[in-house]
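Reader: I would like to learn how to read the sheet, the helix packing and the ring contacts of a model. Please take them in turn.

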Amino acid sequence: MSQKINFLPPEPISLVDNEHQREESPVQAHFQQTLQFKQIIVGDCTIVNSNQTNRFSVWQVELVLAPTDRSGGSSPRIQLYKRYSDFENLRNRLIQALPSELHQSIPSLPPKVRWYESWRYQDVNFDKKWLAKRRAGLEYFLNQVLLNERVVNSARTCIRNFLES
């Protein structure tokens, strides 16, 4: 009963760094070439309960990028979720970064809850009519900023930070 056992030595393992060989996402490729947007849509908001007393809105933003050679003629899309404070930060950074002659190209944001209604903030801030007006104002703001080639080229870093954060 002698059986012969063949011993196979293990094959060596080769480790390869694939970090630099990864394909770029449409957003990264778009940033490398140019920042050109075709359409910006601010969609519905989601009400988030952060604790028992605090609620806030998060807005869905869809950016339709202009077609590139890499995208094969299709328009890549990016979906983001942003709070009103993110829009405020973008506007403030744009005003700081842009030359003064472009400041008039940056529209105001839709207003916050008025101070005299702040005592009933939760009711006012989540009223459907008020939210619809805010959505339209945020969409107008982003369209005026991101579809303006001069603004985009002058404030690439601000816009990129807004999109990536």
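**Sheet, helices and rings**

Author: The sheet is open, with 3 strands in the order 1-2-3 and antiparallel pairing. Two strands pair if DSSP finds at least two bridges between them; helices (H or I, at least four residues) and strands (E, at least two) are DSSP runs, numbered from the N terminus. Strand 1 (37-49) and strand 3 (77-82) each have a single partner strand and stand at the edges, so one side of each has no neighbour in the sheet.

Author: This is a predicted model, in which local features need pLDDT of at least 70, side-chain atom pairs count only at pLDDT 80 or more, and totals for chains, interfaces and linings use all residues. Residues are numbered from 1 along each chain as its sequence is written, and side-chain values use heavy atoms, with hydrogens and water left out.

Reader: Over how many bridges do strand 2 and strand 3 pair?

Author: Strand 2 (residues 55-65) pairs with strand 3 over 6 bridges, in the antiparallel sense. In this pairing, V64 stands opposite R77 of strand 3. Helix 4 (residues 128-146) packs on the sheet and touches strand 1 and strand 2, where contact means heavy atoms within 4.5 Å. The direction of helix 4 makes about 145° with that of strand 1; axes are lines fitted to C-alpha atoms, for helices over the stretch in contact, and angles run from 0 to 180 degrees between N-to-C directions.

Reader: What describes two packed helices?

Author: The angle between their axes and the distance between the axes. Helix 2 (residues 84-97) and helix 6 (residues 156-164) cross at roughly 170°, and their axes come within 9 Å. Helix 2 is therefore roughly antiparallel to helix 6 (angles under 35 degrees count as roughly parallel, over 145 as roughly antiparallel, 65 to 115 as roughly perpendicular and the rest as oblique). Residues in the contact include F87 and L90 of helix 2 and F162 of helix 6.

Reader: At what angle do helix 2 and helix 4 pack?

Author: At about 30°, with the axes 12 Å apart, which means that helix 2 is roughly parallel to helix 4. Among the contact residues are Y84 and F87 of helix 2 and R134 and L138 of helix 4.

Reader: Which charged end sits over the ring of Y84?

Author: A charge sits over a ring if NZ of Lys or CZ of Arg is within 6 Å of the ring centre and within 35 degrees of the ring normal. The charged end of R134 sits over the Y84 ring, 3.8 Å from its centre. K82 lies over the face of F162, at 4.7 Å from the ring centre.
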